[in-house]
Structure formats: C-alpha cells, structure tokens
Amino acid sequence: MSALSELGKLRGRGKEETPDNVAGYLFLSPWLIGLVLITIGPMLASLYLSFTDYSLLSPPEWIGARNYERMLADPRLLNSLRVTFTYVFVSTPLQLALALAIAVLLNQGMRGLPFYRSVFYLPSLMGSSVAIAILWRQIFGTSGLVNQVLMGLGFTDLPGWISNPDTALGTIILLHIWTFGSPMIIFLAGLRQIPTMYYEAAAVDGASKWTQFWRITMPLLSPIIFFNLVLQIIGAFQSFTQAFIVSGGTGGPSDSTMFYTLYLYQKGFANFDMGYASAMAWLLLIIIGVLTAVNFYVSKYWVFYDD
C-alpha cells in the first residue's frame with residue numbers, strides 16, 4: 001500500500017507540474033518555431049531540390065540522383081574540393097599553433113593582459129569581413145604594401161601575389177591564420193585552469209620548461225585543443241567571403257582560389273542551377289559530418305580527460 005501511495009503522490013506531482021511545463025514550452029516556442037522554419041524546413045527543401053532540375057525560374061523537375069552523378073564528372077567541382085581541402089588542412093593547424101603560442105605568452109602574467117587580449121582578438125572579429133578582404137587584396141597586389149616593402153629590401157621582379165596561381169591561395173591561407181583571436185581566447189582560458197602545483201612539482205624534479213609544456217600543458221589542454229580543432233575545421237570548410245572578394249568572385253586565377261562554397265554560389269546564384277547547388281550543399285554537409293566523426297573517434301587516442 002505504501003508503494004501505491006507513493007506512486008499516487010508522484011502522479012499528483014506530475015499533474016501539479018503541468019502548468020510549469022506549459023510555461024517552459026511557451027518560452028521555448030520562439031526557438032522551436034525558428035528551428036522548424038529557418039533550419040529544418042530549408043534543410044528538407046534543399047534535400048528535395050537536390051534530386052530535381054530547378055533553375056529558380058521554373059518549377060523543379062524530379063530527376064533522381066542525376067545531380068549527384070554529375071558531381072563525379074565535374075572537373076571544376078573536383079578542383080574546388082582539392083583547393084578547399086588544401087586550405088583547411090594547411091591553415092587550421094597553423095592557425096591553432098599560432099593561437100596556442102600567443103596564449104602561452106599571454107599566460108605568463110604580463111601587465112596589461114586585458115588590453116593585449118583584446119588586441120589579439122580583433123582579427124577574429126574583422127577577418128571574415130568584406131572590408132578586410134578588400135584590404136588584403138590591396139596589400140598583396142602588384143603594387144601593394146608587401147611588394148613595396150620587398151622592393152625596399154632590394155627584391156625585384158615581384159609578382160602580384162593574388163594574381164599568381166602559385167601564390168593566390170597562400171594569401172588567403174595567411175588571412176585565415178591571421179584570424180587566430182577566437183581560439184587564442186579559448187586556449188588562454190584553458191591554460192588558466194591548469195593547477196600551478198603540477199609545474200611546481202615538475203620544476204622540483206628538474207623538468208625544463210619545454211618538458212613541462214609537452215608533459216603537463218599539452219595533455220591537460222588536449223580537450224581544449226580538440227574543441228578548437230573541430231570548430232575551426234568546420235568554419236574553414238564554410239569559408240566564402242575571403243575567396244569571393246580576393247578573386248573578384250571568379251575563383252581565379254586559373255581556379256586556384258575556387259573554394260567549394262564559392263563554386264556552389266556560382267552554380268546556384270550565377271548559373272541558376274539550384275538543384276545541382278543543393279546537391280553540392282549536401283555533399284559538403286556529408287564531408288564535414290564525416291570529418292567531425294573521424295575527429296571524435298581519433299580523439300580517444302590523444303585527448304585526456306580527468307577520468
């Protein structure tokens with residue numbers, strides 16, 4: 001009888017909490033409506049359009065998996081994947097290495113830390129803007145600041161860095177590395193959570209600063225490194241503004257800066273091939289999802305948690 005009475009009390013509590021649940025759902029309703037109308041709805045529409053021939057000017061026509069078959073034989077798409085993978089796997093490690101180095105430097109207890117932290121964070125706020133991309137194009141132009149400095153040092157016959165297929169992608173990679181402020185702030189927060197007693201014990205045992213960094217800092221900071229790595233890879237795959245502005249929307253010279261997102265934009269909004277562009281968007285989603293899953297799987301071999 002006692003068990004039944006307790007069950008009745010629990011049921012009664014559930015009935016009493018119903019108004020609170022309703023209030024909670026009411027507060028969540030703006031987010032839920034946005035999730036359905038702004039995220040899930042367009043995603044399902046895009047999935048449908050990826051199986052159609054849709055030009056924005058006429059109703060979509062179902063063609064099955066033909067758009068996905070076209071991607072296998074599209075040389076510009078394959079080149080855009082090569083350019084994007086090169087950009088992601090070169091710029092992301094370099095950006096994180098620079099961010100970690102600056103964070104370690106700022107963690108040494110220097111004066112004016114809030115000021116330096118703000119200054120180093122500014123590139124992350126402005127780096128993906130149109131204004132910075134235009135400035136970057138001017139700096140690396142034929143008569144830009146970089147060439148003027150190099151000519152002052154005695155160099156001659158300097159190329160236009162953004163107009164040379166061999167160096168154009170490198171300038172955009174450099175721009176991405178320059179926007180190291182966001183991961184730097186996260187690294188700095190992680191470094192400040194590492195107990196100093198570990199370093200004190202290591203110093204007593206005679207460990208050098210370099211040994212302390214690799215034996216203490218890196219293992220304890222590995223969850224933060226993993227977090228930044230996943231975020232920055234996803235963000236790098238979605239990069240668009242830099243390549244669009246620097247190349248004038250063409251992906252040139254010779255498609256050397258043809259990012260996958262830029263090619264998707266050209267197909268969807270320049271050629272009005274929205275069905276093909278939708279299929280490309282889903283391929284990008286699959287690529288990012290697979291790489292994220294691989295990162296999570298591999299993380300168990302190098303990421304160390306408290307347990």
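Reply: Ala168 touches Trp161, Ile162, Pro253, Ser256 and Thr257, when residues up to four places away in sequence are not counted; a contact here means heavy atoms within 4.5 Å. The model is a predicted one, in which local features need pLDDT of at least 70 and side-chain atom pairs count only at pLDDT 80 or more, while totals for chains, interfaces and linings use all residues. Residues are numbered from 1 along each chain as its sequence is written, and side-chain values use heavy atoms, with hydrogens and water left out.

Ala168 belongs to helix α8. Helices (H or I, at least four residues) and strands (E, at least two) are DSSP runs, numbered from the N terminus. With a relative accessibility of 1%, Ala168 counts as buried; the term buried stands for under 20% relative accessible area, exposed for over 50%, and partly exposed for what lies in between, with a 1.4 Å probe and protein chains only. Thr257, one of the residues that Ala168 touches, is 89 residues away in sequence, and the two C-alpha atoms are 6.7 Å apart in space.

Pro253, another of these contacts, lies in the loop between α12 (241-246) and α13 (260-270). A cis peptide bond joins Gly252 to Pro253, with omega at about 0°. Ser254 is found in the loop between α12 and α13, and its phi is near 55°, a positive value in a residue other than glycine. Ser254 counts as exposed, at 65% relative accessibility. As background, most residues other than glycine have a negative phi, and most peptide bonds are trans.

The phi of Asp157, a residue other than glycine, is near 50°, and Asp157 counts as exposed with 79% relative accessibility.

Helix α5 (residues 113-126) holds Pro123. Pro123 is buried, at 7% relative accessibility. Leaving aside neighbours within four places in sequence, Pro123 is in contact with Trp178 and Thr179.

Attention may now turn to the aromatic rings. A pair of aromatic rings is described by the distance of the centres and the angle of the planes. Rings of Phe, Tyr and Trp (its six-membered ring) pair if their centres lie within 6.5 Å; planes under 30 degrees apart count as stacked, over 60 as edge-to-face and the rest as tilted. By this rule the count comes to 20 aromatic pairs. In one of them, Trp210 and Phe213 have ring centres 6.1 Å apart and planes at 25°, so this pair is stacked. Both residues lie in helix α11, three residues apart, which is about one turn of the helix. Trp210 is exposed, with a relative accessible area of 60%, whereas Phe213 is buried at 18%. Phe240 and Phe244 also form a stacked pair, because their ring centres are 5.3 Å apart and their planes stand at 25°. Phe240 is partly exposed at 25% relative accessible area, and Phe244 is likewise partly exposed at 25%. Elsewhere, ring pairs link Tyr48, Phe51, Trp62 and Tyr68 into a cluster.

Helix α11 (209-237) also contributes to a pocket, as does α10 (196-204); the largest pocket has a volume of about 420 Å³, and these are the elements that give two or more residues to its lining. On a 1 Å grid over the protein atoms alone, a pocket is an open set of points where a 1.4 Å probe fits, with protein on both sides within 12 Å along at least five of seven lines, and lining residues have an atom within 4 Å of a point. Grid points are joined across faces, edges and corners, and a volume is the space filled by probe spheres set on the points. The lining of the largest pocket comprises 13 residues, of which Asn107, Gln108, Tyr199, Lys209 and Thr217 lie nearest its centre. Helix α11 supplies the largest share of this lining, five residues.
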